[in-house]
Amino acid sequence: MCGGLPTLSMVGLPEMAVKESKDRVRGALLNGRFNFPDGRITINLAPADLPKDGGRFDLPIALGILGASGQITAQALGNYEFVGELALSGELRAVNGVLPIALAARDAGRELILPRENADEAALVSDLIVRPASHIMEVCEHLNGSSLLDAHPRKEQGPVKLGYPDLAEVRGQEHAKRALEIAAAGSHSLLLIGPPGTGKSMLANRLPGLLPPLSEAQAMETAAIRSVCGHEGFDPACWLERPFRAPHHTASGVALVGGGSNPRPGEISMAHFGILFLDELPEFDRKVLEVLREPLESGQIHISRAARHARFPARFQLVAAMNPCPCGYLGDSGGRCRCTANQIARYRGRISGPLLDRIDMHVEVPRLDVGRLGGPVPSEAEGTAEVRQRVMAAHARQQARAGKPNNVLTPTEIDRDCALDPASLRLMEQALSRLALSARAYHRILKVARTIADLRGVESIDRVHLSEAIGYRRLDRGAAAS
């Protein structure tokens, strides 16, 4: 604050919602019976080169004005971080992105004062004192010491009750279920190929229930991303659930990978440590699909714009589904398919070879006989709970051996953990020759074989494990085109 004509200006690249905060702040202070200072007020939003957006700056701006004008105790401000949007009445409104703010406040050793609606989300962060408020008057009374805000209790996390659908509900498709179990055990990417209505989407929706639980650090990463995005709302009660994202095939490249003038995470980052399900894979724009190639390898997204660069985490598990031809009935016993060879080639050509090469497993999901669809669920059908136990045991072996799932093993780790005996090596050489596999496909087969061996609880890969892994490279065998 300084002398001069009465005005309030902001510097530091404020966007429109931030610029409008001066009117919200003025209204909130006057309605709270504070004096709005007469004079020149400059709000410096540092750092100067980082664009600022949203209404979360309202509360700190208002408190800064009150502290500078001596209407509240300014010395107390240094012990807290503040966030919240102000209504004209002075009430505090919820904002997005509270979880990363809470993490930063904890790291800075400060308490966090925020709107009451955001308290449960901020309280997920351990070793942080969260003090929720409903009105700016409550915050000022706390800072002046006349009426202290109560600390919000952190809810102790009890047993996680996951509401995932049961794998036993999928009739038949034992081969696809086995592939789903292997994909879950090693975090492998999976492509399901089959006619409409054979259970591809049902299988994909049951994959999250087979996966091991998230660690607290992993859950905090995924929750922070959802908190920043905010457009779908963030439920603190579900923060330990693995994400399952299923964007429509009309999604753009920006929607999938993120971006915009002020880069935001996309569907790939929203699926961090979870599942990205792309149904009707060839119906996606080919340019959109090509953006998957980098994150499938690196586990992160780099976005470059003229003014800004951003990097978002993207350690997701890709599950995709597609029909064998444009009409979907290629190979159907009823002879309904009338697609020509050129039509089928164009349809599959929408998915590039490099992208298919990066998908670990290609699995056929054939049509079932009508007799297998009706009646009660067979008693011998395995449910999610039984398969999940085997998956978790295999995951534990991988963590003890390499500290990571098999899908992200480096070439050096593959040489160490996926060594082949002479008989298996000869089989692999034959597969490389006959299928014309790339070096990337060779490594991915070895990693899938390593996961199969882990599921069986053995230390070394043998011909049985390797043969099954090679069998999951369906499109490399060319069988889908026959």
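Predicted model: local features only at pLDDT ≥ 70, side-chain atom pairs only at ≥ 80, totals over all residues.
## The chain as a whole

Stepping back, the chain has 21 helices and 16 strands. Its C-alpha atoms fill a box of roughly 85 × 50 × 45 Å, taken along the principal axes. Of the 482 residues in the chain, 49% are buried. If you take the contacts between residues at least 6 apart in sequence, 72% of them join residues at least 24 apart.

## The three-strand sheet

There is also an open sheet of three strands, in the order S3-S6-S7, again with parallel pairing. S3 (80–82) and S7 (130–133) are its edge strands, each pairing on one side only. On average, neighbouring strands here are turned by 25° against each other, direction ignored. S6 (residues 111–115) and S7 pair in the parallel sense over four bridges, and Leu114 stands opposite Pro132 in S7. Helix H6 (residues 136–144) lies across S3, S6 and S7, running at about 170° to S3.

Val130 is a handy residue to look at in this sheet, as it lies in S7. Is Val130 buried or exposed? Val130 counts as buried because its relative accessibility is 1%, and the cut-off for buried is under 20%. Leaving out residues up to four places away in sequence, Val130 touches Leu112, Leu114, Ala119, Ala122, Ala123, Asp150, Ala151 and His152. Val130 and Ala102 are 28 residues apart along the chain, with 8.4 Å between their C-alpha atoms.

## An alternating strand

Next, look at S13 (residues 300–304), where the side chains alternate. Ile301 and Ile303 point to one face and are buried. S13 is joined by five bridges to S14 (residues 309–313), and the two run antiparallel. What is the bridge partner of His302 in S14? It is Arg311.

## Two helices side by side

H18 (residues 422–435) and H20 (residues 463–471) pack with their axes 9 Å apart, at an angle of about 15°. The two helices are therefore roughly parallel to each other, since angles under 35 degrees count that way. Their crossing is right-handed. From H18, the contact takes in Ala423, Ser424, Leu427, Met428, Ala431 and Leu435, which meet Arg463, Leu466, Ser467 and Ile470 in H20. By type, the residues of this contact divide into seven nonpolar, two polar and one charged.

| Residue | Relative accessibility | Counts as |
|---|---|---|
| Val130 | 1% | buried |
| Glu413 | 14% | buried |
| Arg367 | 36% | partly exposed |

Glu413 lies in helix H17 (residues 411–417). Despite its charged side chain, Glu413 counts as buried at 14% relative accessibility. Glu413 touches Lys404, Val408 and Cys418, with residues up to four places away in sequence not counted.

Arg367 is found in the loop between S16 and helix H16 (384–402). Why does Arg367 count as partly exposed? Its relative accessibility is 36%, which falls between the 20% limit for buried and the 50% limit for exposed. Not counting residues up to four places away in sequence, Arg367 touches Pro195, Pro196, Thr198, Tyr329, Asp332 and Arg336. One of these, Pro196, is 171 residues from Arg367 in sequence, while the two are 8.5 Å apart in space, C-alpha to C-alpha.

Conventions
Residues numbered from 1 in each chain as written. Heavy atoms only, no water. Buried < 20%, exposed > 50% of the residue type's maximum accessible area, 1.4 Å probe, protein only. Pairing = 2+ DSSP bridges. Contact = heavy atoms within 4.5 Å. Axes fitted to C-alpha atoms, helices over the stretch in contact; angles between N-to-C directions. Parallel < 35°, antiparallel > 145°, perpendicular 65-115°, else oblique. Left-handed = near helix turned anticlockwise from the far one by under 90°.
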